[in-house]
Amino acid sequence: MTVAQAVVEYLSKQYTVDSINGVDYRERLIPGTFGIFGHGNVAGVGQALKQYQQQDPSIMPYYQGRNEQAQAHQAVGYARHTRRRQTFAISTSIGPGSSNLLTGAALATTNRLPVLLLPSDTFATRAADPVLQQLEQPYAYDITVNDAFRPLSKFFDRVSRPEQLFSAFHHGLRVLTDPAETGAVTISLPQDVQAEAFDVPEEFLAEREWRIRRPDADDEDVRRAAEAIRAAKRPLIIAGGGVLYAYANDELAKIVELTGIPVGNTQAGVGVLPWDHQFSLGAIGSTGTTAANAIAAEADLIIGIGTRYEDFTTASRTAFQNPDVRFININVAPIDAYKHGSTLPIVADARKALVKLNAALGGYRVGADLEQQIAAEKKRWDATVDEAFDTRYTPLPAQNEIIGATSRAMDAADVVICAAGSLPGDLHKMWRVRDPFGYHVEYAYSCMGYEIPGGLGVKRAALAEAARGGEQRDVVVMVGDGSYLMMHTELVTAVAERIKLIVVLIQNHGYASIGSLSEMLGSQRFGTQYRALNEEQHSFDEGETLPVDLALNAESLGVKVIRIEPGEKVIAELEQAIRDAKAAPERGGPILIHVESDPLLDAPSSESWWDVPVSQVSVLDSTRQAYQTYTDHKKRQRKLLG
């Protein structure tokens, strides 16, 4: 068979096996392949997919896409919803087809989410040289566009000879299914090698199971951690995505109910506890709640579980102001367990570590004063969010109102999707999650344009979940006009497959998030508004609003559109529109709800900070004032957190 045929058949027979509480779950690792075909892969992977489609479509289902980057986002969305047990393979042509995947690779690796990238490459034999779209470097003629994947991938290989296929895919899938190492796995396939025939050993094509490794916590590490917790007066748990990937929600609930230790969650950790749980403080850090940040400021022990401790989580190392604060970091990945100089790293699966900690902490409970403060801070923040959701501005609503209406219209099991702009921060602090799978915000890479393709990937996973008898979930994408314009073309994919994806498109004629940040930094919202060019000033800040009709754009793609007109009834009509979209047939295709908002109406403050440097010198008064504020915050920044 050809190399491409061997790849497709091999991938069809790979399975993940995951053991949770003694129950084994067996899933097909690669349930399908995305592909956009060009001269680099049409006669290789394209031919193989067509051949197997005619033999048996279930061997390797093929899915179209409209952009290679968007296909990677779909795979990542699917992988996150399946808790890293499954992902898709993506085949591209050479040149721009390959390089279009680079952002998707970086996003997957940054988020620790698996995706299998199969970019085509130029001729291994160099029989035709140089070929169309070949990158030539005079100092190293073996460099191709695909070498750009090396720093973006957790594993990279190039199959220059058919015999290299065996080791390339064996090691690639080892990394793909490793919770500590997973991310983008890139295996470059030269276009001539794809079509080359060779003898394939039967054992290569046999079914193989990849057991997801869930390492246990070392007993001595647990003993030391339990000792530190027992000595603490004001401990705080920071729960990240690792809690969800380890299916550790129940164990987390046990430990907080046993001990009274409160929980703040990262973006990836939203859903570890329901929003109204007694000990859930909600989001923490720069986009956090005042409740979580108030407790964090005085905490004497931080127990990080499954978090990578990025700067939003730590408020750029200003969140923890107790001079004696210590850190316990529980993470399956050593790089994250040792972050910020932690003196108590525990390299282990979150669930297994929590099982042992629960057993070791019998009889420990935080003081009544901390429990009273937790209740008071939660009450204060909940009242703040209620006010933000219920205040009505006309004719254009605040984004807070739109979030509130969307939340009320959705069922507990439904999933909200977002990635970039002002929405992720507002959702992080205000979204009232009720289900562990109900919140999906890509914020490690915060990639504009992820929302619609990522949401489509989540919806694919939700449909597969429902087909197995699981929850019925609607998927609601919340996206601003800036991100929509970056990558909305996967709506056509949803139309082609009649997938009901609900999109709430918020039109505010610019970049609201960076506009607000620019103002805070003294740059006066420069370059953040969608306006016509003022040629005299060469400025886009003062011209007329662009006559762009994004609702009409979506309609032209075949999407059903519901327009919400400005006025006093905006929020009521938006809420009803989402309910109507949810009631639409499951295979009726995507539905987009278009609503305008006022970008100058901000969400409630987190009473926190994010380090974005300000110009040290400037002729602008606004910049000088912003720099003074910046230096005041810098005084509170710690060099290390350990």
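Student: Let's start with helix packing; how do α15 and α16 pack, in angle and axis distance?
Tutor: In this predicted model, helix α15, residues 399-409, and helix α16, residues 422-430, pack at an angle of about 55°, and their axes are 11 Å apart. That angle makes α15 oblique to α16, and the crossing of the two helices is right-handed.

Student: Which residues meet there?
Tutor: From α15 the contact involves Gln399, Asn400 and Ile403, and these meet Ser422, Leu423, Asp426, Leu427 and Met430 of α16. By class, the residues of this contact divide into 4 nonpolar, 3 polar and 1 charged.

Student: And α16 itself, how many of its residues are buried?
Tutor: Helix α16 is mostly covered, with 8 of its 9 residues buried. The buried ones are Leu423, Pro424, Gly425, Asp426, Leu427, His428, Lys429 and Met430, and among these Leu423, Asp426, Leu427 and Met430 also take part in the contact with α15.

Student: What does Ser513 touch, leaving out residues up to four places away in sequence?
Tutor: With those left out, Ser513 touches Gly421 and Ser422, and Ser422 is one of the α16 residues that meet α15. Ser513 is itself found in helix α20, residues 512-520, and is partly exposed, with a relative accessible area of 25%.

Student: How far is Ser513 from Gly288?
Tutor: Their C-alpha atoms are 16 Å apart in space, while in sequence Ser513 and Gly288 are 225 residues apart.

Student: Switching to α8 and α13, at what angle do they cross?
Tutor: Helix α8, residues 219-231, and helix α13, residues 350-360, cross at roughly 55°, and their axes come within 10 Å. That makes α8 oblique to α13, and the crossing of this pair is right-handed.

Student: What's in that contact, by residue and by class?
Tutor: On the α8 side there are Asp219, Val222, Ala225, Ala226, Ile229 and Arg230, which meet Lys356, Leu357 and Ala360 in α13. The contact of α8 with α13 has 6 nonpolar and 3 charged residues, with no polar ones.

Student: What is Leu252 in contact with, beyond its sequence neighbours?
Tutor: Leaving aside neighbours within four places in sequence, Leu252 is in contact with Ile237, Ala239, Val243, Val263, Val272, Leu273, Ile305 and Leu354.

Student: Backbone next; where is the cis peptide bond with omega near -5°?
Tutor: That bond runs from Asp129 to Pro130, and Pro130 lies in the loop between β6, residues 115-121, and β7, residues 155-158. A cis peptide bond also joins Thr394 and Pro395, with omega about 0°, and Pro395 is found in the loop between α14, residues 368-390, and α15. For context, most peptide bonds are trans, and most residues other than glycine have a negative phi.

Student: On phi, what is the value for Asn21, and what is it for Arg112?
Tutor: Phi of Asn21 is near 55°, a positive value in a residue other than glycine, and Arg112, likewise not a glycine, has a positive phi of about 55°. Asn21 is placed in the loop between β1, residues 14-20, and β2, residues 23-28, whereas Arg112 lies in the loop between α5, residues 102-110, and β6.

Student: Are those two buried or exposed?
Tutor: Asn21 counts as exposed, at 60% relative accessibility, whereas Arg112 is buried, with a relative accessible area of 19%.

Conventions. Residues numbered from 1 in each chain as written. Predicted model: local features only at pLDDT ≥ 70, side-chain atom pairs only at ≥ 80, totals over all residues. Heavy atoms only, no water. Axes fitted to C-alpha atoms, helices over the stretch in contact; angles between N-to-C directions. Helix = DSSP H or I, 4+ residues; strand = E, 2+ residues; numbered from the N terminus. Parallel < 35°, antiparallel > 145°, perpendicular 65-115°, else oblique. Left-handed = near helix turned anticlockwise from the far one by under 90°. Contact = heavy atoms within 4.5 Å. Nonpolar A, V, L, I, M, F, W, Y, C, P; charged D, E, K, R; others polar. Buried < 20%, exposed > 50% of the residue type's maximum accessible area, 1.4 Å probe, protein only.
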